[in-house]
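Please look over the sequence and the structure shown here before reading on.

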Amino acid sequence: MRTGAFKGCRLCGHNCLVDRFAGQVGRCGAGQKIGLALGVVHHGEEPPLSGVYPGGGSGAIFFTRCNLACAFCQNWQISQTVGAGVEVEVDVLVEVMYQLAEAGVHNINLVSPTPHVAEIAKALERAKNRGFRLPIVYNTGGYDSLRALAIMEGLVDVYLPDIKIGQDPTLAPGEPDSVAMRLFGAGDYAFVNQQAVQEMHRQTGTLTLDGRGLAVRGLLVRHLVLPDNLARTNLVLPWVAERLGTDSFVSLMAQYHPNHRLMRDDASEYRQFLGLTRPLSVREYDRSVDQAWELGLVNTFVQDLSAADNYRPDFSKPIVFN
Ligand code: SF4
């Protein structure tokens, strides 16, 4: 199962069916090798991942060639730019994992891994065979196929998926959603995402923490609240409570900022999403936090609205995170 994943690639919901072994590329543009952008100690993740500053931090490994195309992606310099990063062999990824471990990180945090899961799985197997013991975090946009998750089963300790948007109740599951298409590049995002997140929960269960409050195993979902309720937060939170349980760990993020295509001259193509030209308001965010509490989602992490400035990376600078 863990080999041959590129032959007729079905690693994500795009289901391109291209033969990446034969040099064909699909929507993400990924080839046979791992697209590696950066390995860095990250102190800005949720407390169970980064720990208490200035402690160990999370060992973030950023990959290129994301399978989504979010209009306001804060990592766009590496995720959606042709030629970003370098293509590396499996052993290079193993070495980066060991370098981060030697720096004292609490976990290895694989960021946007989906198009590369077949090679990542080989790296994780090699590292584990050498005795590598840190928890492995699979930090994904959440548009993973069940096939990709079957490859990762048993290798991932903590799943960290986005739930970017709720299912439009006026559409049948899987029916193209024009908002999800425009904002994230995947019209069936909610359908694929809900299946994927439930599978991640089945594999690892509710997040468990050690005595220091650090993530050991389980699921932590992220949801970025958007202006004008464009992410349908009012539908996402009840879905989490009902399908995953009210003890689920949820990171309710306030850090929306009009990045990437929203900053460009051609942003007029997003005219219909007027709210995206401004940050989230305090009232909008507080409404979502209140809903999480009302639903009994007691393990919800909240952010200060200043997160929109504090957590914005710049991958063109030597120090990427402030
Ligand atoms: S990872 Fe997804 S977008 Fe990339 S080639 Fe495979 S199916 Fe297509």
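The points below go from the whole chain to single residues.

This is a predicted model. The chain has 322 residues, and its secondary structure comes to 10 helices and 10 strands.

**The chain as a whole**
- A compact globule of 322 residues would have a radius of gyration near 20 Å, and the chain agrees with this because its own value is 18 Å.
- Taken along the principal axes, the box filled by the C-alpha atoms is roughly 50 × 45 × 40 Å.
- Buried residues account for 47% of the chain.
- If we take the contacts between residues at least 6 apart in sequence, 71% of them join residues at least 24 apart.

**The nonpolar core**
- The largest nonpolar core contains 89 residues.
- Inside this core, the residues with the most contacts are V117, F184 and V225.
- Apart from neighbours within four places in sequence, F184 is in contact with L68, A69, C70, K164, I165 and Y189.

**Strands β5 and β6**
- Strand β5 covers residues 136-140, and four bridges join it to β6.
- The two strands run parallel, and V137 stands opposite V158 in β6.
- Strand β6 covers residues 158-161, with V158 and L160 pointing one way and Y159 and P161 pointing the other way.
- Residues on both sides of β6 are buried: V158 and L160 on one, Y159 and P161 on the other.

**Residue D247**
- D247 is found in a loop, which lies between α8 (233-244) and β9 (249-253).
- Is D247 buried or exposed? D247 has 12 other C-beta atoms within 10 Å, and a residue with 12 or fewer counts as exposed, so D247 is exposed.
- Leaving out neighbours within four places in sequence, D247 is in contact with T206 and N299.
- D247 and I61 are 186 residues apart along the chain, and 28 Å separates their C-alpha atoms.

Note on methods:
Residues are numbered from 1 along each chain as its sequence is written. This is a predicted model: local features need pLDDT of at least 70, side-chain atom pairs count only at pLDDT 80 or more; totals for chains, interfaces and linings use all residues. The radius of gyration is taken over C-alpha atoms; the globule rule is 2.2 Å times the number of residues to the power 0.38. A residue is buried if 20 or more other C-beta atoms lie within 10 Å of its own, exposed if 12 or fewer, and partly exposed in between; C-beta atoms are placed from the backbone. Two residues are in contact if their C-beta atoms, placed from the backbone, lie within 7 Å. A nonpolar core is a set of buried Ala, Val, Leu, Ile, Met, Phe, Trp, Tyr and Cys residues joined through C-beta atoms within 7 Å. Two strands pair if DSSP finds at least two bridges between them.
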